[in-house]
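Here's a quick tour for anyone who wants to get their bearings before opening the viewer. Have the sequence and the model side by side as you read.

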Amino acid sequence: MSDQLLVSTRKGLFSARRQGKGNWALEDVFFLGDNVSLTLHDSRDGAWYAALDHGHFGAKLHRSRDRGATWEEIGVPAYPTPPEGHVEKDFLGREIPWRLIRFWCLAPGSAAQPGLLWAGTLPGGLFWSEDSGDTWQMVESLWNMPDRRKWMGGGADAPGIHSICVDPRDSNRVAIAVSSGGVWITPDRGQTWTAHTAGMRADYAPPELVYAPESQDPHRMVQCPGAPDTWWVQHHNGIFRSTDNAMSWTEIVDVKPSVFGFPVVVHPKDPDTAWFVPAIKDERRIPVEGRVVVNRTRDGGRTFETLHRGLPQGWAYDLVYRHALALDATGERLAFGSTTGSVWISENSGDDWLTLAEHLPPVHAVIFA
Amino acid sequence: MPRVAFTRNLQRHVACPPCAVTGATVRESLEGVFTLYPKLRGYVLDEHGALRFHMAVFVDGVPVTDRRELSDAVPEASEIFVMQALSGG
């Protein structure tokens, strides 16, 4: 059970600690004033990684081996040099730069692969490191895949990889989700890739492309660690679930107050239990009726409970990004942070929520550490 | 010998005190600084060696014209100043 929460924000990385039952408090901040895109806690060796987006000065990566007491700047991925005169354009004719814009996902390899990290980036890059982030290598098979050029921006101007799932049964099987560009899986640690979007639907796309892999905009994808044939995706178009190892997806419909949202987390052992933070769809992107709620299913999506105890139930316009909902390893503690700088924590699987903060900078991501 | 100085905003993130280097072009001069402070390179240049989109380099008060190859000439005793472009307001 984790007693520490790391909150990545537009203006720094904040650390909160549990003081006692139902009592959490902010206790530290790292990189104050800097844009921290996301953070990884590598449970294999305890290392923390913080991805910074300095804007003018580029994306950087820092590592701490002493839980934040000291940090060291480490390597960042490099995109290949484009052929002379090559100008790459996306599906809509907009230029896609061949350079690192931002980290959008960090994931550890398996326990049998110490030091192996995966990184998903904007624009549409997947990289691995075999030395805990000191050096990085691009997965060129994915970058050179012709279908990769059909990806489009979704969530950012350029397409990006925001979810990486390393199969707990076979660490060579790695799945990625792309906004916007579908779900892709390699069975051989990046040598070959196939689309895995059967059953997904994108009703915002032109009729001919509603079911095309590249039209799918999964906002966030998770695989149940204890039952890895079950996957959940919070998609731009709604909620999708797979019970056949991402070979096919079933759309979950009629979810109140909204089937739209960005994040999803799944219980570490119970594949039927997952949490979402619903919002009004793309027209507005705010909570329905100004009420912040969390949706929880415990029966594989047949029914949902809308959890609200302790959350603001009026005049609240907090949006929760795809990496800003976290679950600890027990499946009991949850936390989420919003674009308006609020952070809430639950110690009972979402039944009750306590307010950790209301005035932080916009929250990009939260993790338990 | 050109002198190179950096915006204070950059010094907050990475070591880059003013220094004198040898170099006939902006590229050669900056490479001289990067030899002294290797971490600095990634803050000023992208992975292909071009000036980052939101960075600016001035030689004696004049912005460089070749942002990709950094081939602008640097006369002896020039002052090179590296700063962030004020994009975004």
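## Where the chains meet, and a look at chain B

Twelve residues from chain A and twelve residues from chain B make up the contact. On the side of chain A that touches chain B, the residues split into five nonpolar, five polar and two charged. Keep in mind that this is a predicted model.

Now for chain B itself.

Some overall values for chain B:

| Property of chain B | Value |
|---|---|
| Span of the C-alpha trace along its principal axes | about 35 × 25 × 25 Å |
| Share of the 89 residues that count as buried | 30% |
| Share of contacts with a separation of 6 or more that join residues 24 or more positions apart | 51% |

Which residues of helix 2 of chain B are buried? In this helix, residues 26-36, they are B:V26, B:S29, B:L30 and B:V33. Looking down the axis of helix 2 of chain B, you'd find these buried residues within an arc of 95 degrees, so they line one face of the helix. As a rule, an α-helix has 3.6 residues a turn, so residues three or four places apart point the same way.

And what covers the buried residues of helix 2 of chain B? The cover includes strand 1 (3-6), strand 2 (19-20), helix 3 (41-44), strand 3 (55-59) and strand 5 (79-84) of chain B.

Conventions:
Residues numbered from 1 in each chain as written. Chains lettered and ligands numbered in written order. Predicted model: local features only at pLDDT ≥ 70, side-chain atom pairs only at ≥ 80, totals over all residues. Buried ≥ 20, exposed ≤ 12 C-beta atoms within 10 Å, placed from the backbone. Contact = placed C-beta atoms within 7 Å. Nonpolar A, V, L, I, M, F, W, Y, C, P; charged D, E, K, R; others polar. Helix = DSSP H or I, 4+ residues; strand = E, 2+ residues; numbered from the N terminus. Arc of directions from axis to C-beta.
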